[in-house]
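The sequence and structure are shown first.

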Amino acid sequence: MKILILGAGQVGRTAAFHLAREPANEVTVVDTDEELLRDLQDRLDIRAVAGNASYPGVLESAGIADTEVLVALTSSDEVNIVACQIAHALYRTPTKIARIRSSEYTSREQLFSEGALAVDVWINPEQLVTEHIARLLSYPGALQVVEFADGRVTLVGLRARPEGLLVGKELRTLREHLPDTDARVAAIYRDGRLIPLGGDTVIAAEDEIFFVAAADDLRRVMAELRRSDDPVRRLVIAGGGNIGFRLARTLEKSNQVKLIERDPRRARRISEVLESAIVLQGDAADEELLIEENIDSADVFAALTNSEEANVLSAMLAKRLGARRVMALVNRPSYGELMENRSIDIVLSPQTITIGSLLQHVRRGDVVRVHSLRRGAAEAMEAVVHGSRERSRVAGRRVEEIVLPDGASIVAIVRGEQVVMAHHDTLIEGEDHVIVFLADRRHVEAVERLFQAET
Amino acid sequence: MRSTLSVLNFLGTLLALFALVFLVPLAVALLYEERAVIGFAAGGAATAALGLLLRLGTRRYHGELKPRDGYLLVTLIWLSFAALGSVPLLIDLPGLGFTDAYFEAMSGVTTTGATVLSGLDLLPRSVVLWRHVLSWVGGMGVIVLAVAVLPLLGIGGMQIHRAETPGPIKDFKLAPRIAKTARLLWLVYALLTAACFVALWGAGMGPFDALCHALSTLSLGAFSTHDANIAWFDSPLIEFILALFMLVAAMNFTTHFLALRRGDLKLYARDPEARWLLAWILASVVGVSVDVWLSGSYPDFFTTLRRVGFQLVSVATGGGFVAANYARWPAFASMWMLLLSCLCASTGSTGGGIKMFRSLVLIKQSLREMFTLVHPQAVLPLKIAGTVVPNRVVYAVLAFIFLYFAAIMALTFALLLSGMDVVSAFTAVVACINNVGPGLGSVGPDRSYAALTDFQTWMCTLAMFVGRVEIITFFVLFTPTFWRK
């Protein structure tokens, strides 16, 4: 697939990285910063074009004419919109995705639905990250919470604790423990490595477990794997940037929120908009400030500033000063692996959170939702089954009949409103939404091909 | 000097217009064939002559006024209107000295409603009407003062209500020019007065009484045509109508205008001042009723509620009608009502006192100070109904409130010096500076200001005046910087 990415900022680079490592994709990146492009070209197998991303001439030299997917990710909403508009008007590019941050645009639905703007899909990374954090906070204890089929199915990643009732038991006892709950364990990582699953697999403490369940049953399943964590009430946010501010505004009604922002002007501005959240002007790594604001009684400390080093350090400090759980926003995947489960409870990777919503538009087969897991190493996708037994390699077959690549498994099936947990003898029908867990994302293409109906 | 003459030129125009107002009681005097015709003819003529003289004498200085000319203009308007308004009283009421006549007229144009007259039922109808007309004209002046002049000058933090300030009441300035805004608001004022008149007439008042009471209800002057005041009618319906319209008059007339034009009552809920006014009054009526009921002043709770409900609304809004001798109630009840009169009325209403907007700023600023002690690094903008109040406005409000209480203290001490008792002195000053009318003690609801010595009367006149022009407007004239070129 020919993909054109506009903007080589953090989101643009991550998108390029994820898309370019799938061999079927041809990726071109446009940015004004030539040095940045050269650096990117050294590391990835892509084409790079320097220039203003909304100029037709630049788009043309970047090969817009035969591009299938245009992804406009520059830092300017307006440039992104104009680029999509031009691609539509001059080149009839089939799929146009734009990053649009301002809710001034995104809150007016007619702009997009009635074709006033030639943007097929808009994504707002900051909003996605905010929603992700808010979901994590509503399931304390979870490392990752992602939704499929409009929230009917949820995939949760968490770390098992010795106090969990299921810990030390075989997987097949799940049913006895939770008789009227439908849940299925999708994968277990022990010491960072995937272990093969069977009914006799024994869950051990410190295992990283991914399971799917209907949204209503999540808490009960989680309670079997670790003692139930108290709900989050007191939240301290470090960094009043777009993410910190959005999160504070989302949660200020239901939680007691304190937000620490260093820049006095920004602090003033957000304090004018926030209603009940307390805005503190100061340094999130200032020990005295944290102690003064009772960090030891905070349920969650979330470090969400622009600087990942500052996030890591202030989160570690908050943990030492007594915050119950700390999270830090970290861009570099290597930092994440270094920190998570050591001094920081949850490392949030904006790329991992965002990239899924991009990937779902560049996948072949009818893939409607993609979530990147474990910092991009694993993936979960929701694909729609088309065709009949004769025309498809999935439809009309039982789960055990379907040949899946290593580490991939069908975990749940959504049939209309109904959610079915996948067992070896579950029959898959046409138009089912199938949720697939891929422990190794290198097999993505194989799975994609599986879901393509033969024509 | 040049700008002072421009002010006099403009004042001349206003006086010439004011002269037309004299035609109303003049017509009534002619209708009832009263001797008072002379007083109104003379007063009207004097006003017209003075107005034209000022206008012609300074016609070379006719021109645009600068905002700072507002201080002098506002002061002169109230002082001269009171002086000329007292002329018919002096002529038609033999035995009334200048001090008392001026007090009565000032009480009218400041919409206070304090009176030195008695035997109202026997006075010529035209003279009775004149007090109400003065009060109604004063109300017109107050509305324009509050929505156009004070915001322009930024008196006591009122710049927050200027058109360019985004706020809870966004279209505060209804029309681009002050004159147009004033006309629209006067239209609302006149319509509400007419509605009040019709309601009172329908409730059983005679047409003359209904007219007089309508005029002094919307202006919150609260003169009455009877010595027994509202108690004379002894009608729960009339009390209810009056209380309702006093509440209306204590709300911002801009809100009334917008609500009328859009036919949307939700605007009142969005006006923080109206919301808090109603909340405070409702809570106080309940609380004070219980207090008065426990004291056993009335046989049953319903009577207590009716008496307290009317009386509390009347005093708290800055009206001052009397239907019950609340001086006999427990001290808590009567003092609480006077306290509310300091705080309750909205900006842009005809009520007096600190105004609800400033009360809210004061309360929130106090809470903010305490909060800052617990969270020293917290950034806390002061917000009213979701809108940020800039710090300089907060400072202006604090300065205003300090001057307001300083003025109350100074005038109270002046009255104490003259030999008045503490309760009478303090309540007289509070009732006058808030433009309520009756106080307690020797100026209580069952008495009048007639017993005061000339010095005491002048102090009360001063209190009414400075309260009406929002204190700073007057005091700024005494600062050397104001007169420096």
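## Strand pairing between the chains

Strand 14 of chain A pairs with strand 1 (residues 378-379) of chain B in the antiparallel sense, over two bridges. Within this pairing, Val279(A) stands opposite Val379(B). Helices (H or I, at least four residues) and strands (E, at least two) are DSSP runs, numbered from the N terminus, and two strands pair if DSSP finds at least two bridges between them.

The model is predicted: local features need pLDDT of at least 70 and side-chain atom pairs count only at pLDDT 80 or more, while totals for chains, interfaces and linings use all residues. Residues are numbered from 1 along each chain as its sequence is written, and chains are lettered from A and ligands numbered from 1 in the order in which they are written.

Eleven residues of chain A are in contact with seven residues of chain B, a contact being two C-beta atoms, placed from the backbone, that lie within 7 Å. On the side of chain A that touches chain B, helix 11 (264-273) and strand 14 (278-281) of chain A are the elements that give two or more residues. That side of chain A consists of five nonpolar, three polar and three charged residues. In this division Ala, Val, Leu, Ile, Met, Phe, Trp, Tyr, Cys and Pro count as nonpolar, Asp, Glu, Lys and Arg as charged, and the others, Gly among them, as polar.

An open sheet of seven strands has the order 17(A)-16(A)-15(A)-12(A)-13(A)-14(A)-1(B), with mixed pairing. Strand 17 (346-348) of chain A and strand 1 of chain B stand at the edges with a single partner strand each, so one side of each is left without a neighbour in the sheet. Elsewhere in this sheet, strand 12 (residues 234-238) and strand 13 (residues 256-261) of chain A pair in the parallel sense over five bridges. Arg234(A) has Gln256(A), in strand 13 of chain A, as its bridge partner.

The domain assignment, which is automatic or from a database, gives chain A domain 1 (2-123), domain 2 (129-225), domain 3 (234-349) and domain 4 (354-451). The C-alpha centres of domain 1 and domain 2 of chain A lie 37 Å apart. Helix 1 (residues 10-20) of chain A is mostly covered, with eight of its eleven residues buried; among them are Val11(A), Arg13(A), His18(A) and Leu19(A). A residue is buried if 20 or more other C-beta atoms lie within 10 Å of its own, exposed if 12 or fewer, and partly exposed in between, with C-beta atoms placed from the backbone.

Strand 22 of chain A is covered on both faces: His433(A), Ile435(A) and Phe437(A) are buried on one side, and Val434(A), Val436(A) and Leu438(A) on the other. Strand 22 of chain A pairs antiparallel with strand 19 (residues 378-384) of chain A over six bridges, where Val384(A) has His433(A) as its bridge partner. His423(A) lies in the loop between strand 21 (418-421) and strand 22 (433-438) of chain A. His423(A) counts as exposed because it has 11 C-beta neighbours inside 10 Å.

## Chain B: fold and cores

Chain B contains 20 helices and three strands. Buried residues make up 51% of the 485 residues in chain B.

The largest nonpolar core has 149 residues, and Val429(B) and Cys460(B) have the most contacts inside it. Its largest share, 18 residues, comes from helix 6 (residues 125-153) of chain B. Apart from this core lies another, of 148 residues, including Phe211(A) and Val444(A). A nonpolar core is a set of buried Ala, Val, Leu, Ile, Met, Phe, Trp, Tyr and Cys residues joined through C-beta atoms within 7 Å.

Leu242(B) is located in helix 9 (residues 236-249) of chain B and is buried, with 28 other C-beta atoms within 10 Å. Beyond its neighbours within four places in sequence, Leu242(B) is in contact with His213(B), Thr217(B), Ile230(B) and Phe321(B).
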